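We will take one stop at a time.

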10 protein chains.
Amino acid sequence: MQRAELTEKILDIKREKGWSWKYICGEIGGFSPMLITAALLGQMKLTKPQAQSAAKLFGLSKAEAAMLNEVPYRGSLPSAVPTDPLIYRFYELVMVYGTTWKELIQEEFGDGIMSAIDFDIALERLPNPKGDRVKITMSGKFLPYKYYGNTGNIPEYGYKEE
Amino acid sequence: MQRAELTEKILDIKREKGWSWKYICGEIGGFSPMLITAALLGQMKLTKPQAQSAAKLFGLSKAEAAMLNEVPYRGSLPSAVPTDPLIYRFYELVMVYGTTWKELIQEEFGDGIMSAIDFDIALERLPNPKGDRVKITMSGKFLPYKYYGNTGNIPEYGYKEE
Amino acid sequence: MQRAELTEKILDIKREKGWSWKYICGEIGGFSPMLITAALLGQMKLTKPQAQSAAKLFGLSKAEAAMLNEVPYRGSLPSAVPTDPLIYRFYELVMVYGTTWKELIQEEFGDGIMSAIDFDIALERLPNPKGDRVKITMSGKFLPYKYYGNTGNIPEYGYKEE
Amino acid sequence: MQRAELTEKILDIKREKGWSWKYICGEIGGFSPMLITAALLGQMKLTKPQAQSAAKLFGLSKAEAAMLNEVPYRGSLPSAVPTDPLIYRFYELVMVYGTTWKELIQEEFGDGIMSAIDFDIALERLPNPKGDRVKITMSGKFLPYKYYGNTGNIPEYGYKEE
Amino acid sequence: MQRAELTEKILDIKREKGWSWKYICGEIGGFSPMLITAALLGQMKLTKPQAQSAAKLFGLSKAEAAMLNEVPYRGSLPSAVPTDPLIYRFYELVMVYGTTWKELIQEEFGDGIMSAIDFDIALERLPNPKGDRVKITMSGKFLPYKYYGNTGNIPEYGYKEE
Amino acid sequence: MQRAELTEKILDIKREKGWSWKYICGEIGGFSPMLITAALLGQMKLTKPQAQSAAKLFGLSKAEAAMLNEVPYRGSLPSAVPTDPLIYRFYELVMVYGTTWKELIQEEFGDGIMSAIDFDIALERLPNPKGDRVKITMSGKFLPYKYYGNTGNIPEYGYKEE
Amino acid sequence: MQRAELTEKILDIKREKGWSWKYICGEIGGFSPMLITAALLGQMKLTKPQAQSAAKLFGLSKAEAAMLNEVPYRGSLPSAVPTDPLIYRFYELVMVYGTTWKELIQEEFGDGIMSAIDFDIALERLPNPKGDRVKITMSGKFLPYKYYGNTGNIPEYGYKEE
Amino acid sequence: MQRAELTEKILDIKREKGWSWKYICGEIGGFSPMLITAALLGQMKLTKPQAQSAAKLFGLSKAEAAMLNEVPYRGSLPSAVPTDPLIYRFYELVMVYGTTWKELIQEEFGDGIMSAIDFDIALERLPNPKGDRVKITMSGKFLPYKYYGNTGNIPEYGYKEE
Amino acid sequence: MQRAELTEKILDIKREKGWSWKYICGEIGGFSPMLITAALLGQMKLTKPQAQSAAKLFGLSKAEAAMLNEVPYRGSLPSAVPTDPLIYRFYELVMVYGTTWKELIQEEFGDGIMSAIDFDIALERLPNPKGDRVKITMSGKFLPYKYYGNTGNIPEYGYKEE
Amino acid sequence: MQRAELTEKILDIKREKGWSWKYICGEIGGFSPMLITAALLGQMKLTKPQAQSAAKLFGLSKAEAAMLNEVPYRGSLPSAVPTDPLIYRFYELVMVYGTTWKELIQEEFGDGIMSAIDFDIALERLPNPKGDRVKITMSGKFLPYKYYGNTGNIPEYGYKEE
């Protein structure tokens with residue numbers, strides 16, 4: 001069994017039952033809906049109790065429940081540049097603003113990155129008379145590059161003389 | 001003259017003067033610092049007065065100022081998959097969460113996309129005892145797919161009989 | 001069940017019945033034939049009543065009808081550069097005229113794009129003694145890039161001092 | 001001298017003079033502005049008299065004028081998938097609607113393609129209270145695939161017996 | 001059913017029966033053997049009577065016969081650069097001689113292309129004491145680029161003043 | 001000096017002088033115009049006397065003449081899939097007819113390839129009331145795959161026992 | 001049936017029987033073991049009697065035996081750059097020594113190539129106290145580029161005047 | 001000035017002076033030699049005092065020293081798959097052992113990654129009678145994926161009802 | 001049967017039984033757990049006795065056991081640039097530090113590579129109050145490039161005069 | 001200075017002087033001509049005395065001589081799949097015979113690779129009445145994969161309990 005087959009099965013049941021992600025995430029609970037949805041789409045893992053709930057909801061086998069509790073091989077898209085327009089727009093933001101984000105984050109925080117692991121994200125609808133807006137709030141821990149020197153706990157580089 | 005050469009010149013001067021983006025954006029003003037920085041990096045355009053200010057600040061020629069007021073060919077990165085770790089993390093988010101964002105945005109808004117054009121974005125520092133966090137807030141207009149029918153103002157498809 | 005399997009099934013039935021798209025789109029109705037065809041090929045969604053009609057016409061299951069009412073992961077081609085000659089010609093137009101369209105649209109409208117979402121399109125046959133012509137009329141809303149400044153409703157970039 | 005260098009020179013002069021494409025195309029005349037712009041961007045050729053006019057307008061050398069009268073190696077974009085958002089939207093249309101266009105054109109015209117060579121195109125602004133629209137009208141000759149049989153003017157395939 | 005599956009079935013039967021293409025093309029008739037073979041390999045379409053004959057010969061179902069009468073999604077190779085040595089040699093010719101063909105065709109015919117649609121081709125064996133040769137004769141209609149001007153039957157570009 | 005720079009220089013002089021390839025090939029002589037043009041475009045080599053003639057005609061240095069007598073690193077196009085429409089059409093023929101050529105050549109000749117090295121090619125104009133045609137005649141030596149057995153002049157595979 | 005499926009079946013039987021290639025090639029005979037192995041892996045063809053022997057040995061159907069007598073679509077690897085370390089080393093040799101081989105072969109032989117078709121190859125084990133070595137001996141016919149002139153047996157290029 | 005030009009200048013001076021990295025890193029000091037070398041190759045930043053020392057050692061301008069104190073756009077290789085054999089071997093390890101590392105790290109640590117940012121690394125020579133060995137010791141902080149729930153400090157996903 | 005199918009089967013059983021790699025590697029024994037895990041994931045081979053043990057543990061057929069004793073076609077990832085974040089970090093290290101490793105290894109050892117074949121590797125957990133760390137220790141034999149001269153045991157290059 | 005520039009300079013001088021590689025390699029001496037040529041083409045290093053000789057022969061500066069004594073970033077080709085026909089044939093051999101070489105080398109030697117580092121190679125001309133042949137003899141040390149177990153000199157994997 002591959003994770004993609006389990007995802008397809010879950011989507012089949014969701015379609016037949018006519019359930020929304022809101023309903024499903026409410027039933028499973030415990031995490032943000034973003035994470036639960038991502039797990040059911042094969043990108044995150046559920047805890048054992050959540051996997052149990054999901055198994056009950058979707059009528060999954062014990063092995064399928066166990067798979068939901070496994071860390072998947074991540075990467076949800078079939079190509080390096082996404083073809084789906086909704087997803088492409090996010091890729092486009094990276095292409096256009098990538099170097100700007102780099103400059104501004106580094107000016108404020110120094111050399112390092114925004115973690116995509118110690119990371120949370122939320123979606124909201126912003127009502128707006130000119131057309132509602134999608135609001136996305138992300139927050140990732142800043143991880144400074146470690147610049148280590150002569151007193152580290154790993155062997156000093158420099159090929160000791162024998 | 002190519003836009004990339006102008007960007008390189010601006011970065012050379014910034015480096016020699018020891019200026020920060022904060023200072024530069026303050027001097028030029030009028031837009032969010034995110035946009036001014038993006039424009040100086042060759043991804044957005046400045047207004048004419050802003051381009052004037054930038055020209056004065058950086059000692060640019062008239063033609064160089066005019067170029068800052070032009071819309072660039074966008075795309076700031078040298079490869080389809082970014083190699084710089086700070087920028088890659090954003091790409092990774094698209095790879096991992098792309099299908100999840102699609103599901104949740106569409107469940108709430110219907111068929112359409114979050115605009116990357118009618119779009120604003122801000123960076124903040126979230127102080128945190130376990131390590132400060134980078135907070136990014138985006139808001140893009142939701143654009144519903146247009147499903148048009150038999151009364152549109154363009155000719156109906158269907159190859160009229162002559 | 002994957003959307004591609006449903007598309008294959010629909011094409012199988014269309015072939016066996018000997019139906020034309022014209023006939024099929026007439027039976028389903030409500031949208032332009034362009035959109036209905038695109039939906040049946042797995043690139044757009046039908047409304048629920050249309051999906052019902054399609055299900056009746058093609059003898060689809062309830063789940064298959066529900067799938068036609070879902071937004072698909074878009075991208076109809078198996079490679080980034082199309083190999084089919086009819087489709088390649090459109091790609092070629094983008095390669096050859098891309099920068100020209102950019103210059104002329106931006107000169108007239110300013111910085112922004114032609115929406116591919118709030119977009120309609122029609123095909124017609126132009127009779128012509130030297131050989132009939134395919135006429136394509138597209139109309140997409142112009143979306144100006146949003147250049148926002150110091151009074152936006154999202155937090156100002158600039159990392160407040162604590 | 002490479003065509004790209006000539007294009008860069010022309011854009012430099014256009015910028016310094018503050019000319020619009022409308023003005024430039026009016027000065028050169030004879031073709032649609034779309035074609036003249038494409039030629040100056042290195043994708044089409046001008047006639048000799050047009051190249052002369054362009055040379056006079058931009059102060060080009062005799063060799064540069066001759067180059068404008070040459071057929072260029074076409075392909076205006078630096079990557080197979082465009083990164084510029086305005087141009088990408090056209091690529092996206094090909095990705096999403098490619099198979100649909102194929103089905104509908106072939107149903108109406110039979111097996112063949114819409115020519116991208118015997119082809120004309122125009123841009124218009126469609127005023128619209130909800131936001132003006134970009135209207136694009138294309139017309140390409142339909143070219144039927146040639147299915148030839150036993151009486152052609154080229155040698156019949158089939159490896160004659162000696 | 002996908003066209004590739006039908007191709008595989010046809011090749012299976014050809015193998016079991018021990019038929020040559022020469023025999024098969026003779027049985028189906030009407031077109032050059034090159035075109036009939038291409039159709040059976042999923043790259044061209046047969047006429048209805050030819051599809052009937054093919055169905056009889058290969059014992060195909062009505063739906064399979066109908067599929068042979070459909071225009072396929074063209075592109076017979078699994079990668080953009082062919083790996084099979086026989087086919088690669090043709091690709092190599094394009095890589096090595098591409099710019100030469102462009103220069104010489106354009107010098108003789110002006111700006112345009114050799115059509116790959118209104119196109120015929122034949123293969124012959126040229127007996128030769130040093131080793132027989134494969135002779136390929138192609139003839140494609142020259143299609144001049146259409147350079148259109150101010151009196152065309154499509155709206156003039158130039159954004160009318162309102 | 002790189003071969004591409006020499007090609008650019010030759011094209012510059014050709015443009016300034018207003019020479020055709022026909023004239024140039026006539027001046028250099030000895031080979032088919034196809035080969036001489038290919039050599040001047042950096043894809044083939046000229047003989048020493050031809051290189052001398054070319055040097056005289058174009059006013060080249062001794063080193064430049066020597067370079068024309070060198071075998072170049074072949075490959076005339078900047079990308080694996082050509083973007084220029086005239087050249088692309090040949091690539092398209094390979095994509096569409098590649099497997100057909102393979103089947104028919106192998107049926108007639110057995111396992112092997114048409115050489116792209118022991119190969120000649122000619123272009124002609126076929127006058128035609130419906131539009132002149134480009135005729136291309138190629139002839140390449142058939143090279144059978146060598147299936148060698150137990151009596152070859154290279155050591156037999158099979159890891160001798162010591 | 002696809003050739004890859006037949007290869008998989010043959011490898012399944014080889015594994016179950018515990019046979020070596022040496023044994024298999026001895027049973028089939030007639031060619032070098034290199035070629036027989038390549039054929040069973042789907043890259044070369046066997047003669048009819050060899051295919052018969054193979055069919056007997058592996059218990060193949062008549063159609064499967066016929067397939068072993070067919071020329072396959074060659075290309076044994078799933079990606080353009082091999083990932084398997086043993087095979088990658090050969091690719092690496094091409095990357096590192098490619099231009100050197102070109103220079104030295106051309107200096108000795110003139111313009112042309114070493115054929116990969118009229119080609120034989122053998123593997124040996126070279127015993128060596130510091131570790132045995134793999135010895136590979138290749139021999140390919142040198143094929144000179146054909147430079148043809150004004151008296152060829154194909155029509156002279158040069159577009160006759162009508 | 002681009003970082004690559006500065007790297008090239010530094011390597012030119014290193015070569016002319018005949019300095020080793022060991023000597024250079026000793027002169028600059030403060031960090032592990034691995035990091036100083038990486039910085040001089042354009043992949044890390046030096047501190048201001050280190051950049052000063054480097055500038056003195058290499059005779060760099062003030063602007064060049066400032067550039068060494070900047071965070072570079074990281075990515076040291078000209079292609080996504082490295083061609084240099086020494087570097088390729090590391091890529092190969094990722095290709096072959098990637099999934100194994102994933103399984104074992106996750107089994108021990110749970111869902112997360114080994115940081116490539118909070119990361120240190122050392123090289124040593126392991127003397128060995130059969131041939132000395134390169135020993136590499138890496139240590140990266142384990143970063144657990146953040147699974148956040150209903151009490152986070154960012155707005156809960158779920159589109160509030162207005 | 002393909003190796004990937006066997007890997008999938010093993011993972012299915014591991015999941016159903018709820019076994020850890022630690023347990024499995026303990027049962028099979030003989031090699032480092034890293035190697036046993038890699039073998040079960042289809043990247044290394046087990047010895048015959050190990051394959052036997054694995055077959056007993058997982059209830060595999062004789063042919064499946066034999067397959068575990070075969071050398072697989074290595075390459076564990078579905079794309080040249082890994083999308084899974086844990087694995088990508090290792091790729092990132094190669095991109096960022098590749099040229100640095102090359103400089104430092106070569107300065108110490110001379111021209112050559114660190115073997116990825118005569119290679120061992122271990123993972124450890126480094127407890128750390130700020131967050132435990134993943135420690136990886138690799139050791140690969142240094143292989144010097146062989147620079148051979150005029151007295152080698154293979155024929156001297158230089159094309160003997162006949 | 002980049003290695004490619006030095007290679008270009010060396011080729012310029014070779015061309016002007018009319019020297020052959022045979023002559024050049026004779027003058028420099030010490031290594032096989034294959035290695036000296038590769039070094040001058042930027043793929044190997046010369047020893048200091050050889051670099052001295054080369055500098056004298058070509059009139060190189062001290063820094064240029066030092067560069068010839070450096071290990072280059074290897075990879076001599078501008079694309080992952082070579083376009084030059086002579087070099088492509090070697091790539092083709094890898095594509096066609098890659099899996100066969102793997103099977104036969106592994107059957108004879110066990111799991112491992114043929115080293116491309118401890119490797120020598122020679123070219124010869126094989127006179128042959130049907131056309132001379134290029135003979136290539138390679139010999140690379142067989143490197144067995146190291147399968148290490150419980151008594152290695154690196155820490156045992158298995159995450160010690162604290």
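Two residues are in contact here if their C-beta atoms, placed from the backbone, lie within 7 Å. This is a predicted model: local features need pLDDT of at least 70, side-chain atom pairs count only at pLDDT 80 or more, and totals for chains, interfaces and linings use all residues. Residues are numbered from 1 along each chain as its sequence is written, while chains are lettered from A and ligands numbered from 1 in the order in which they are written.

**Stop one: chains E and F.** Select both chains; their contact takes 57 residues from chain E and 56 residues from chain F. Now pick out helix H6 (85-109) of chain E. H6(E) gives the most to the side of chain E that touches chain F, with 23 residues. Helices and strands are DSSP runs numbered from the N terminus (helices: H or I, at least four residues; strands: E, at least two).

**Stop two: a pair of strands.** Select E2(E) and strand E2 (residues 133-144) of chain F, which pair in the antiparallel sense over nine bridges. Strands pair if DSSP finds at least two bridges between them. For one bridge, click Gly140(E): its partner in E2(F) is Val134(F).

**Stop three: chains A and B.** How can chain B be laid on chain A? A turn of 180° and a shift of 0.0 Å along the axis do it, with an RMSD of 0.0 Å. The two copies are therefore related as by a two-fold rotation axis. Superposition is by least squares on the C-alpha atoms of residues with pLDDT of at least 70 in both copies. Finish at Thr137(B), the residue of chain B that comes closest to the rotation axis, at 2.3 Å (C-alpha).
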